[in-house]
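User: I would like to go through this two-chain model by question and answer. Please begin with the structure itself.

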2 protein chains.
Amino acid sequence: MTTIEEARRRDEADPLHDYRERFHLPKGVIYLDGNSLGALPLATRDRLKEVVDEEWGHGLIRSWNDANWIDLPSRVGAKIAPLIGAQAHEVLACDSTSVNLFKLIAAALKMQSGRKVILSEPGNFPTDLYMIQGLQQQGLAEQRLAAPDEIEAALGEDVALLLLTHTHYRTGRKHDMARLTAAAHEAGALALWDLSHSCGAMPVHLNECDADFAVGCGYKYLNGGPGAPAFLYAAEKHHIDAEQPLTGWLGHKQPFAFEDDYTPAAGVERMLAGTPPILGLSALEVGVDLVAEMGIERLYAKSQALSEFLRECLSARGVELDLVSPDDPSERGSQLSFRHPEAYAISQALIARGVIGDYREPEILRLGFAPAYLRFEDMAETARHLAEILESREYERAEFNERAAVT
Amino acid sequence: MTTIEEARRRDEADPLHDYRERFHLPKGVIYLDGNSLGALPLATRDRLKEVVDEEWGHGLIRSWNDANWIDLPSRVGAKIAPLIGAQAHEVLACDSTSVNLFKLIAAALKMQSGRKVILSEPGNFPTDLYMIQGLQQQGLAEQRLAAPDEIEAALGEDVALLLLTHTHYRTGRKHDMARLTAAAHEAGALALWDLSHSCGAMPVHLNECDADFAVGCGYKYLNGGPGAPAFLYAAEKHHIDAEQPLTGWLGHKQPFAFEDDYTPAAGVERMLAGTPPILGLSALEVGVDLVAEMGIERLYAKSQALSEFLRECLSARGVELDLVSPDDPSERGSQLSFRHPEAYAISQALIARGVIGDYREPEILRLGFAPAYLRFEDMAETARHLAEILESREYERAEFNERAAVT
């Protein structure tokens, strides 16, 4: 059986097959960058029209109450919670991943008086490290980096917080959240997980792993739209002790009392800062609803099957590439990263053929597999394009787009 | 001449009269809360449809380059700049007002080593004070409050920063930016102005006043939509020294180099944190364009004329209310605030008649005059409704909406 026939057979058997029609996907494009910006759910168009025309246009200021705008951070957070193994009242959708990292690192430092070290790994997604460095610049933190297999050894008595990204943005390698969280606790440290490249593509078990804090991104596998609000998680047990310094008016116990003195809200709402972005949160809610409807276990199973099938198709065509992602699909997120000295040129040649993946420094061709809307047929076609590009060396002639895309 | 005839005469002579048609305003509503949430520009509906369908849906990840999403914070900031007397490269649209306050207060503290006091006034908008308190909680700041006429005396040698809201959210009272900024500098302090209730309603002269920093809101007079991104200003002279701690990846000198170490961007872009919210920024851009087209001087002239005309109409009907806003329109923003023991009930009775203003603790009926879309006829009608409500005491029977609206 040819790979294309096998691909079609698998697509027919795919329980998520029909969900592809719930997204807008441009004709002639195979979109392997949903790990960077998720595709547009058709329902988002209608929902945004309603929010703009009815809620803003007609309801005006009344919609803070009548359309429950004021509850959006909690409502969307509660919908994200089951995707990441958290309780509904432990999650909020708000601000950016960067800003939420700052809040939670600062809260952890305050809880851990006497300890200043934030332990992470070199090559973590930059904003995670930069936010540690921001608190270091304030004189409140000290950054320590340890390679993945040296993390446990680096968990000394001075470590306040272990901050890791669950699925690595470049390689797709997954950390063992349960083991590393336990090791952090053993050393008296707290654990904060960045779920940006995990949430929506695989089940995450924050409560089960006893994770203290987490953040994640709304615009990747959650399909919340460009620059969508992010989310944050604070374990219930920390809702009294965790105090973050971005004490905006909506984190106050009684925002509408307009008091001069800040008193944090009793629950996770103390992690809110300013007025919530209603357009962004409304779009994110649609994306989250869709992921929940598809089922995170089914999405995860399909994501692994897609990437393994692409590898089979490449093998069948005799294409050998240097895989920097883990070989075992259970050890990686929903992506395959290949190292090649001409990775950038190859990514551009693929784009010229309508196959949109991306390039990451250094020398990494990154292909992401958003299971919500990709087909096995797309994998077979990607393998064909990649084989042809490598065979013809057309990448040597590809027109380069000089500016990199947002991760 | 009756007040309604006079109102219509003024509407006909109003050079901004036709701009009302560029907004969606619900039938039967007189909207006096544009100082809280601005009305929907009709062009925003089309622009958002384009951003969603074309840029996100069709362009996908390519739109970060092809649709210049990556430039939106700078592009919208540059358009806000002339409205506040700043240079284009001194302003960014990003994050919330609260988060931007934190960045700039922290930057000022770092520049002023040895000084920790942030001077503000009691009753300032809560988020301004709460953000000082957030830095105080970090051990980096010390809040000091002084009544408006005691501010200059309170500018001691320990003051790092004077943080004031230009137009007070409750009373509408304007501070003298030039005088107080000069006094702060005289004492060796920096000055940060919150322009949330000024920007879009009156000209602001940041450069002329030698202001160091400013923040402001996108969803009030700029008509950017609910929870729109805010803006921040950093004077060019501080672009090298001002370092803020929310060092997200987009504030990096080379975000797409994905380096482990943070190096701030050379210009105001160092004040960016995470990935920009594209839906919110796109809507804000339409609102800002419209304000710029109308002309900030014309808007200011009309806003003063509207509020003074309302007072004339109230006088003509024999209504006497306790005005807590300054009597002289040049000393206040685009609002009138009246103190009344039944202010909340009166605001609800007005809403029941389709006149939407709002209530602010304690005992304040707040009426805002967004000059972009209000008519003099609306002022005459508001005066009639208010006179009838006070005369009939129907406010004693008004149904109360228990939850307050967002300022």
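This is a predicted model: local features need pLDDT of at least 70, side-chain atom pairs count only at pLDDT 80 or more; totals for chains, interfaces and linings use all residues.

User: How many residues of chain B are in contact with chain A, and what area do the chains bury between them?

Analyst: Contact means heavy atoms within 4.5 Å. By that criterion 92 residues of chain B meet 90 residues of chain A. Buried area is the accessible area (1.4 Å probe) that two parts lose on being put together, summed over both. Of the area buried between chain B and chain A, 66% is on carbon and sulfur atoms, and the total is about 7500 Å².

User: How many residue pairs are in polar contact between chain B and chain A, and which helix gives the most to the side of chain B that touches chain A?

Analyst: A polar contact is a pair of N or O atoms within 3.5 Å; within protein, one must be able to donate a hydrogen and the other to accept it, and residues adjacent in sequence count only if both atoms are side-chain atoms. Between chain B and chain A there are 27 residue pairs in polar contact, both at pLDDT 80 or more. Elements that each supply at least two residues to this side of chain B include β3 (40–41), α2 (42–58) and α5 (97–111), where helices (H or I, at least four residues) and strands (E, at least two) are DSSP runs numbered from the N terminus. With nine residues, the element that gives the most is α6(B).

User: How do the residues of the side of chain B that touches chain A divide, and what is the count of salt bridges between the chains?

Analyst: Ala, Val, Leu, Ile, Met, Phe, Trp, Tyr, Cys and Pro count as nonpolar, Asp, Glu, Lys and Arg as charged, and the others, Gly among them, as polar. On this basis the side of chain B that touches chain A holds 47 nonpolar, 30 polar and 15 charged residues. A salt bridge is a side-chain nitrogen of Lys or Arg within 4 Å of a carboxyl oxygen of Asp or Glu. Between chain B and chain A, the count of such bridges is zero.

User: How many residues apart in sequence are the parts tied together by A:E285 and A:K79?

Analyst: The side chains of A:E285 and A:K79 form a salt bridge at 2.8 Å, N to O. A:E285 is buried at 6% relative accessible area, whereas A:K79 is partly exposed at 28%; buried means under 20%, exposed over 50%, and partly exposed in between (1.4 Å probe, protein chains only). A:E285 belongs to helix α8 and A:K79 to helix α4 of chain A, so the pair ties together parts whose separation in residues is 206.

User: Is B:D327 buried or exposed, and what is its relative accessible area?

Analyst: B:D327 pairs with B:R311 in a salt bridge, their closest N and O atoms being 2.5 Å apart. B:D327 lies in the loop between β11 and β12 of chain B and B:R311 in helix α9, so the pair ties together parts 16 residues apart in sequence. B:R311 is partly exposed, with a relative accessible area of 23%. B:D327, in turn, is exposed, with a value of 53%.

User: How many residues of α8(B) are buried, and which residue follows this helix?

Analyst: The helix α8(B) has 17 residues and reaches 25 Å from its first C-alpha to its last, close to the expected 24 Å; the expected span is 1.5 Å times one less than the number of residues. Of the 17 residues, 14 are buried. The residue that follows has a positive phi, near 95 degrees, and is B:G295.

User: Where is B:T97, and which residue has its backbone oxygen 3.5 Å from a polar atom of the B:T97 side chain?

Analyst: B:T97 is placed in helix α5 of chain B and counts as buried, at 13% relative accessibility. Leaving aside residues up to four places away in sequence, B:T97 touches several residues, among them B:D194, B:S196 and B:C217. The backbone oxygen lying 3.5 Å from a polar atom of the B:T97 side chain belongs to B:G216.

Conventions
Residues are numbered from 1 along each chain as its sequence is written. Chains are lettered from A and ligands numbered from 1 in the order in which they are written. Side-chain values use heavy atoms; hydrogens and water are left out.
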